[in-house]
Amino acid sequence: MPTPKSISRTEGSQFELGRPVTVTDPTGCELLSEFFSRHNCATTGIGAPVTVKLVDRIEGTYDYHLAGYPNEAYTLSVTPDAIEITAITATGVIRAAQTLDQLTDGYPAGCEAIEAVEITDYPAFKLRGYMHDVGRSFIDIDELIRQVELLSKFKVNTFHWHLTENQAWRFEIKHPSCSKLTDAQYMTRFAGLYYTQDDCRRLMETATKHGMIVIPEIDMPGHSEAFERAMGFDMQTTQGKNILKKVLEEVAEVFADAPYIHIGADEKAITDTTFLPTMTGKIHSLGKKAVCWNPILGVTINSSLGFDMTQMWSTSGTRVKGIPNIDCRYNYTNHFDVFADLVGIYKSSIYYSERGNEEIAGTISAPWNDRKTPSQDDIIRQNNFYANVLASAERAWKGGGLQYIETGGTTLPCYGSEYEEFADWERRFLFHKDNTLPSGHIPYVRQTNIRWHITDPFPNDGNASAIFPPETELAAQYTYKGRTYRTAQATGAAIYLRHTWGTIIPAFYSTDYGLNNTAYAYTYVYSPTARKAGAVIEFQNYGRSEKDTAPESGKWDRKGSRLWLNDEELIPQTWTNTGKSVNNETDLGNENFTARTPFPVKLNQGWNKVLIKLPYIAAPGVRLNKWSFTFVLTDTEGRNAIDDLIYSPTKSLTPDKDL
């Protein structure tokens, strides 16, 4: 993961590890030497040859210019007696070493070998990254370093480190005039927690070793309330600009290997027209390039501002011609559910492009935690961090995607090329969940085998309790008040009937039915034995940037959604924040399934009926009124889906063959 561009295997043939090797590597790749040491391959004396060659070009690969990002193409040849790596740059050798590492995953101890393969590989997009907003929240440095090591293994090559926010300034500044920036008294969340410059150097060294580029962000002039509390003046004053120049000097020195410094610049009116050129000019004088968010409030981004790259956010962020642009427009994972939005981002092309070019750099997966969570583990779980980053990064490595998400939406087709491609990604991701990644942080489970029938919506006149024919009998179609209502097939653990972003992102219904309708989803689940299980259930997914009111006691959401298993209604547990008036500093509790144990259920041997009622009405206290549902059966801890279950709305034991 990601899938190589070209791979051929020699069946039954392997390079055995645990024996001496002779490594010839002009780049001195640490990951390569560590790989053989880890697998008990002595590298002194005479052994099987491991040869690295640097060349000017590799036939059939693709590359384009993106400052600071070297060519990553490589070939890897593994035979029973030798390993040969060919690359254009040292980074290409790192990528080959990471592929070797994955080729050994899953072997039992003492039985390690590398399958004989011929691989030619290179990325479609040069920038494939993730962001952490540690200004609002905080993730300790050891965890961040572990993520760099883990994610780089999958050829994720950019860590965007959002270090400052309204809530707190997290980057140590040693200049005496700036020392107050990290004082606890000026932080409103996780007070006193910040990164020392030595912390940042440790992470930077780890990133460089693993072929990952760090983009540090010091947000200016927006999101700067922590700065103003500590310093007593605005960033756009003369004093503010002078302080920021000192800040940038220390950022550039600490992040010596970072080619870019990000200064944000969005969401605050620019009152000093010299501010942005002054800051970008300072960055250039330090030998770095400048990145900004796109759009910037009230500002047209052009060459006179001195930006070398933009990061497109929201629908209004569009490509700036003549410089590279990063696509984050629909990759804010704080708004994502666990299942359907992941499908959407994996299916989607990157800003309408088959592959990168000098104006489309790639993509970054970005969780924002406006809403406080109890722990850093909640940030990882509730944003489905690992699955979202790796799905996004694989799409950027592979390129393609049949349609951009604004056209393709988040619905997983029931069959066809998009279904097969996603099912293959899911299979590989779940393998790494079991063998490589911290599974306790990953809520994603298998969903490509889950089949539903979903009805046309019945008009409910704003009455969520109105009863319609599916509650009496399940059928392929219904007649109600002289009108025919049909059902259609759907696949997945979660389905958007209407997306978070309304009609901007297509959902299951091709028609925008709007409020005051009720839909039904149903399936049958075949279990070979009677058993206890867990039911992962969710309706209104609570975005990590929202202050939505929790459901009332005994209700799944604020719209009146209901669920029955074998005609017995499942009533939810008590919600942490029921009856509370919440704000961004109120811990997001158990509103999302990722923060609670699955609902305990008993499955009968044979077929089990699942019926879900989905009213779509106004939901007081909810900003983004989503029309969606999530349901999947797992083990009682919610770690994994139950493999031997069959989901079929027609009670077919071979549902895939019936499509």
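Predicted model: local features only at pLDDT ≥ 70, side-chain atom pairs only at ≥ 80, totals over all residues.
Let's begin with the cores. The largest nonpolar core has 131 residues, and the members that touch the most others are Trp-161, Phe-255 and Trp-452. If you zoom in on Phe-255 and set aside its neighbours within four places in sequence, you'll find it in contact with Trp-161, Leu-163, Phe-171, Cys-200, Met-204, Val-214, Pro-216 and Lys-288. There is also a second, separate core, this one of 35 residues, and among them are Tyr-64, Trp-293, Tyr-351 and Ala-366.

Now on to helix α7, which spans residues 275–285. Its buried residues are Phe-275, Leu-276, Met-279, Thr-280, Lys-282 and Ile-283. Look down the axis of α7 and those buried residues fall within an arc of 155°, so they line one face of the helix. That pattern makes sense, because an α-helix has 3.6 residues a turn and residues three or four places apart point the same way. What sits over that face? The cover for the buried residues of α7 includes α6 (238–254), β10 (260–262) and β11 (289–294). After α7 comes Gly-287, with a positive phi near 80°.

Last stop: Thr-206, in helix α4, residues 197–209. Is Thr-206 buried or exposed? Its relative accessibility is 12%, and the cut-off for buried is under 20%, so Thr-206 counts as buried. Again leaving aside neighbours within four places in sequence, Thr-206 is in contact with Ile-145, Val-148 and Glu-149.

Methods:
Residues numbered from 1 in each chain as written. Heavy atoms only, no water. Core = buried A, V, L, I, M, F, W, Y, C linked by side-chain atoms within 4.5 Å. Buried < 20%, exposed > 50% of the residue type's maximum accessible area, 1.4 Å probe, protein only. Contact = heavy atoms within 4.5 Å. Helix = DSSP H or I, 4+ residues; strand = E, 2+ residues; numbered from the N terminus. Arc of directions from axis to C-beta.
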